[in-house]
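Here is a short briefing on helix packing and aromatic pairs. Keep the structure open while reading.

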Amino acid sequence: MRPPITYWKYLYYLTTCGTTKKFHNYILNRLEKRMRKPVLRSMPVNILIEPCNVCNLKCPGCITGIRHDEAINRQMLDLEHFRRIFGQIKEYVFNISLYNWGEPFLNKNIFSIIESASASGCATTVHSNFNVFDASMAEKAVASRLTHIYLSIDGATQETYEIYRRGGRLSRVIENVRLLVARKQSVKSRFPILTWKYLVFPHNVHEIESARRMAEELKVDAFELIRGNIDNVAVFGREETHDLSTGRTITHQPDFCDSLWDSLIVYPDGSVIPCCQAFRKADVFGNILETSVEEVWNNADFVEMRRMIGSEQVDGIVRHPCRECNIIEKLRRRQADTQRRCA
């Protein structure tokens with residue numbers, strides 16, 4: 001069950017960031033996705049722009065942390081490039097996610113980027129390990145109207161925390177949280193909403209309740225558990241949850257890829273990937289600093305993959321990263337079973 005603050009955030013999106021054009025686009029997108037149309041008249045409703053695919057930590061489950069040699073070139077998002085990208089989609093989105101495989105607060109332009117989005121009536125969300133932060137950044141986070149920060153903190157002691165967050169210091173993170181909470185309280189601001197995001201691994205299950213108490217003491221708005229996975233390269237099309245009562249991992253493999261219909265995911269250089277799990281140079285479906293969003297959104301790569309998944313017929317060339325996705329593999333098995341039954 002989602003914490004109450006999440007529903008309040010969505011209400012804020014609708015009442016403060018909503019326009020007639022955005023609502024119309026959202027409804028049209030949902031209809032086109034339900035009808036599984038390969039060519040879309042609607043624009044994407046989920047926008048993720050990576051401020052930087054660079055990080056200060058070396059987490060073993062992160063492509064950036066392990067310095068994967070096939071990854072898109074590491075770089076920072078230029079403010080002018082952000083404005084060129086965002087300017088093409090700002091009339092359609094309620095919220096923009098400013099994160100993916102990197103640490104957003106390493107980008108010195110991050111608060112200018114957030115201010116630009118806020119001034120256009122768009123909410124903003126970041127995920128951060130929160131090792132890079134200080135009092136001046138706390139002031140800017142509140143002043144820029146940053147809407148939501150997910151704090152990636154996977155332990156209640158340094159010994160447990162650093163098993164995954166390699167190179168991180170828990171004491172520094174906790175102090176940074178205190179700085180931001182104090183700044184929010186001093187100016188009586190509800191924003192940014194703070195969510196303590198705890199990735200659950202076998203090595204840190206025993207500290208969940210201690211971490212939850214720490215979050216309450218720090219006056220963090222919400223505490224969420226998410227199943228951690230070290231092998232992120234191999235989880236395309238697979239969703240996992242962790243049952244704390246039994247210790248079991250429950251794996252769910254969906255039949256449909258929402259991302260191809262509703263999500264635009266952009267790297268700092270303008271490269272567009274079809275899924276937030278994608279990261280390789282070979283995964284790129286286009287570049288919206290070289291062509292328009294409209295051209296990329298309905299180019300041959302997007303249309304062909306929507307057609308195959310929408311029709312449940314894997315009968316063409318499957319592009320990276322989709323060829324590695326469990327959704328495609330599931331469709332292949334289903335087709336093979338059907339052909340055997342009809343033989």
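Helix 3 passes helix 4 in a right-handed crossing. The model is predicted.

**Helix 3 and helix 4**

- Helix 3 spans residues 79–86, and helix 4 spans residues 110–119.
- The two pack at an angle of about 25°, and their axes are 10 Å apart.
- Angles under 35 degrees count as roughly parallel, so helix 3 is roughly parallel to helix 4.
- On the helix 3 side, the contact uses Leu79, Phe82, Arg83 and Phe86.
- Helix 4 meets them with Ser112, Ile113, Ser116 and Ala117.
- By class, this contact of helix 3 with helix 4 holds 5 nonpolar, 2 polar and 1 charged residues.

**Helix 5 and helix 7**

- Helix 5 covers residues 135–143, and helix 7 covers residues 170–186.
- Their packing angle is about 45°, with the axes 9 Å apart.
- That angle makes helix 5 oblique to helix 7.
- The crossing of helix 5 and helix 7 is right-handed.
- Helix 5 contributes Ala135, Ala138, Glu139, Ala141 and Val142 to the contact.
- From helix 7 come Leu179, Leu180, Arg183 and Lys184.
- The contact of helix 5 with helix 7 has 6 nonpolar and 3 charged residues, and no polar ones.

**Aromatic pairs**

- A pair of aromatic rings is described by the distance of the centres and the angle of the planes.
- Searching the whole structure gives 18 aromatic pairs.
- One of them joins Tyr198 and Phe223.
- The ring centres of Tyr198 and Phe223 lie 5.9 Å apart, and the planes are at 45° to each other, which makes the pair tilted.
- Tyr198 sits in strand 5 (residues 193–200), and Phe223 sits in strand 6 (residues 222–227).
- The Tyr198 and Phe223 pair therefore ties together parts that are 25 residues apart in sequence.
- Are these two rings, Tyr198 and Phe223, buried or exposed? Buried means under 20% relative accessible area.
- Tyr198 has a relative accessible area of 0%, so Tyr198 is buried.
- Phe223 is at 14% relative accessibility, so Phe223 also counts as buried.
- Elsewhere, ring pairs link Phe105, Phe111, Phe130 and Phe133 into a cluster.

Technical notes:
Residues are numbered from 1 along each chain as its sequence is written. This is a predicted model: local features need pLDDT of at least 70, side-chain atom pairs count only at pLDDT 80 or more; totals for chains, interfaces and linings use all residues. Side-chain values use heavy atoms; hydrogens and water are left out. Axes are lines fitted to C-alpha atoms, for helices over the stretch in contact, and angles run from 0 to 180 degrees between N-to-C directions. Helices (H or I, at least four residues) and strands (E, at least two) are DSSP runs, numbered from the N terminus. Angles under 35 degrees count as roughly parallel, over 145 as roughly antiparallel, 65 to 115 as roughly perpendicular and the rest as oblique. A crossing is left-handed if the near helix is turned anticlockwise from the far one by less than a right angle, and right-handed if clockwise. Contact means heavy atoms within 4.5 Å. Ala, Val, Leu, Ile, Met, Phe, Trp, Tyr, Cys and Pro count as nonpolar, Asp, Glu, Lys and Arg as charged, and the others, Gly among them, as polar. Rings of Phe, Tyr and Trp (its six-membered ring) pair if their centres lie within 6.5 Å; planes under 30 degrees apart count as stacked, over 60 as edge-to-face and the rest as tilted. Buried means under 20% relative accessible area, exposed over 50%, partly exposed in between (1.4 Å probe, protein chains only).
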